[in-house]
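This report walks through a set of protein chains, one topic at a time. Please look over the sequence and the structure before reading on.

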Amino acid sequence: MGPVALLVLTIAAILFSAGGILVSKFLVRGSVNAQKGQPYECGIPSEGSPWNQFNVGYYLFALLFLIFDVELIFVYPWAVVVKKVGIMALVEIAIFFFILFTGFLYAHKKGALKWM
Amino acid sequence: MLSDFFILMKQELVIMVIIFVLLLLKIGADMSNEKMMNLANGLLLLNLAAGFTGNQPGVLFNEMYVTNPLIVLEKNILNLGTLIISLQSFSWLKKHDHVPEFYVLLLCTLLGMFFMISSGNLILFYIGLELSSIPLATMANFDLAAKRSSEAAMKFIMSSAFASGLLLFGISLLYGATGTLTFSEMTALITGSPLHIFAFVLLLAGFAFKISVVPFHLWTADVYEGAPVAVTSWLSVVSKGSVLFVFVSVLYTVFKPIAGNWYNMLFLLSVVTILIGNLFAIRQNNIKRFLAFSSIAQIGFILVGITGSSQVSSASVVYFVLIYVFSNLAAFGVVALVSAVTGREQVSDYKGFYKTNPVLSWVLTIALFSLAGVPPTAGFFGKFFLLMAGAGKGNYIPITIAALNMILSFYYYLRIVKAVFMDANEQPIERLTIPAYSKLAMFICVAGILITGLAGFVYDYIYALSFGF
Amino acid sequence: MSSIPLTHILFVSTALFFIGVYGLFTRRNLITMLMAIELMLNSVNINFVAFNKYLYPHTLNGVFFSLFIITVAAAEAAVAIAIIINLYRNHRSIDVEDAQEMKY
């Protein structure tokens, strides 16, 4: 164990990956054409540059997702102790979700969730 | 147990209920702007009245939430400031599309300040601080199409995020050094080792950003100029006042063991703050920028009072913030009205203001006299108590510098008064009709300026509640 | 397994914090500045978790504080990005050097 095992593992990993590349290099007969350079070799042909700009409205979804996603971090510690605390814990998480839900309703009312 | 919760957290719960009422009204009902503002002002008045009755001292959640008569008084002062600002913003806000949102954000920041003031634990303190500064950035951006407004909001959110980063790093070191986050347990564990001092310096930097003490004041003038006037007055009075209250209580309880260290730091900061604030205020041409720098100088005076660390100093800080609410909001009330109706904010625009608007001129003059500290007004008594508290330590150099700076500040305050009364102007600001709400707010402010100083029981009441060491 | 001493972790977090401060002061792109602020906040998280694990393993104060920092930082980033978008609409740029309407 220890450093020797680490060394053996490293060498084995290098041999495994390098071997695969080398073997395929010798075995496969290559053909080069324009189709091969495209991102999706099979399927619809791609158009335009990938650097086009997105509508700024998409950021709203990202922001809303960010908030609701991160707030759920508080539910994990809650889930651990909910049995021990009992009915109070249920009431508290209901208040928490009520607050979040009000924000969600507001976003809905402002039309932030409409797909453009 | 549960009734304790409702009684002790009454002020916060009232604010929360108002927030949800306004938000649900926004979602559910289509109300006109005027109706919504009438409702909001009524609710804020109820909130102010509710703050005075049925309060009890006590602690909740393992000392996470603390309340006592002094904290209740501080919250009532903030409530009063909120009501006055809400009344003053009427003429600006009635043309705006997002009235309920303004009140929701305003009350969210107020809620954050309340939690911050009555925090007994660093977690609640941090949450309150962030709750009181993040919505404030969106409020600074409330003139959505104005370039200056969005620039001000950007500067505010960047500097406040940086400040809270510094503050948090200090808190984390403090936690590492003491192993607790509760204020009352921390006091016994702070010994003044280099790690404690370093953590304190980082905390001090965070606080100094929020109250714009001089090396950290650079955001202040830009944010004040760019933000709408209502938000500027909120920033300069209520937001600063709340952080000052917490600052005093944290300094006097948690960092009591290293008082010798922070005394020197605050002493230096106060002198620099007064000097820089005054020198920059002299050369300003925009009246909001001018008021920003004058408020920096006022913070310097408050720091002089804080260095005293006696019962007098904590009482004089609360007393001065109360007076500052009246005098600064009176000045901002006039500026808000002029800015909302005519859009003019330069000092030179105020030339010949007396000829067209004598009442507003007198309100502005009384407010500026009170800010400068001319004797019959309350501002004189406020500054007098602050300097007296600072002198209690026997270190007369900062007191002398502060007193000399008061003379310097007379120059620039009187410059505005001269422009208003004496200078001729070909295009003076036209005669303005004052809305009833603004009239009421100005009346409260002027009455406060004239009465608070002379009625000795106000100071005696605050003194009886205060603490020091 | 020999454990990593606390000082190493503190070194990483302090370095991260000051890299964040450096980035905030030198970068002129607002999004990058926001990332620098996130670096600062994350270094504080490392501090809290490390202190809690090494020095005070019987309580959970530090871990909970870092939970709150994560959520508040997310809210702060959301508001800051919204403000930056609005700034871009008004100024057509997110470079802080271009936002110079007000100077003294």
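Chain A holds four helices and zero strands, where helices (H or I, at least four residues) and strands (E, at least two) are DSSP runs, numbered from the N terminus. Its elements run α-α-α-α from the N terminus on. The model is predicted: local features need pLDDT of at least 70, side-chain atom pairs count only at pLDDT 80 or more, and totals for chains, interfaces and linings use all residues. Residues are numbered from 1 along each chain as its sequence is written, while chains are lettered from A and ligands numbered from 1 in the order in which they are written.

Chain C has three helices and zero strands, in the pattern α-α-α along the sequence. The C-alpha trace of chain C spans about 55 × 30 × 25 Å along its principal axes. Chain C has a radius of gyration of 18 Å, whereas a compact globule of 104 residues would have one near 13 Å. That radius is taken over C-alpha atoms, and the globule rule is 2.2 Å times the number of residues to the power 0.38.

The table gives the buried share of two chains. A residue is buried if 20 or more other C-beta atoms lie within 10 Å of its own, exposed if 12 or fewer, and partly exposed in between, with C-beta atoms placed from the backbone.

| Chain | Residues | Buried |
|---|---|---|
| Chain A | 116 residues | 1% |
| Chain C | 104 residues | 32% |

Within chain C, among contacts between residues at least 6 apart in sequence, 49% join residues at least 24 apart. Two residues are in contact if their C-beta atoms, placed from the backbone, lie within 7 Å.

Next comes a helix pair. The axes of helix 1 (residues 6–26) and helix 2 (residues 30–54) of chain C come within 8 Å and cross at roughly 165°. Helix 1 of chain C is therefore roughly antiparallel to helix 2 of chain C, a term for angles over 145 degrees. Axes are lines fitted to C-alpha atoms, for helices over the stretch in contact, and angles run from 0 to 180 degrees between N-to-C directions. By class, the contact of these two helices has 17 nonpolar, seven polar and no charged residues. Ala, Val, Leu, Ile, Met, Phe, Trp, Tyr, Cys and Pro count as nonpolar, Asp, Glu, Lys and Arg as charged, and the others, Gly among them, as polar.

Chain C also touches other chains. In its contact with chain B, 34 residues of chain C meet 31 residues of chain B. Helix 1, helix 2 and helix 3 (61–91) of chain C each supply at least two residues of that side of chain C, and the largest share, 17 residues, comes from helix 3 of chain C. By class, the side of chain C that touches chain B has 26 nonpolar, six polar and two charged residues. The contact between chain C and chain A takes nine residues from chain C and eight residues from chain A. On the chain C side of that contact there are eight nonpolar, one polar and no charged residues.

B:M116 is found in helix 6 (residues 99–117) of chain B and is buried, with 22 other C-beta atoms within 10 Å. B:M116 and B:F245 are 129 residues apart along the chain, and their C-alpha atoms are separated by 9.4 Å.

B:S212 is found in the loop between helix 10 (194–211) and helix 11 (218–226) of chain B. Although B:S212 is not a glycine, it has a positive phi of about 50°. Most residues other than glycine have a negative phi. B:S212 counts as buried, with 26 C-beta neighbours inside 10 Å.

Methods. Angles under 35 degrees count as roughly parallel, over 145 as roughly antiparallel, 65 to 115 as roughly perpendicular and the rest as oblique.
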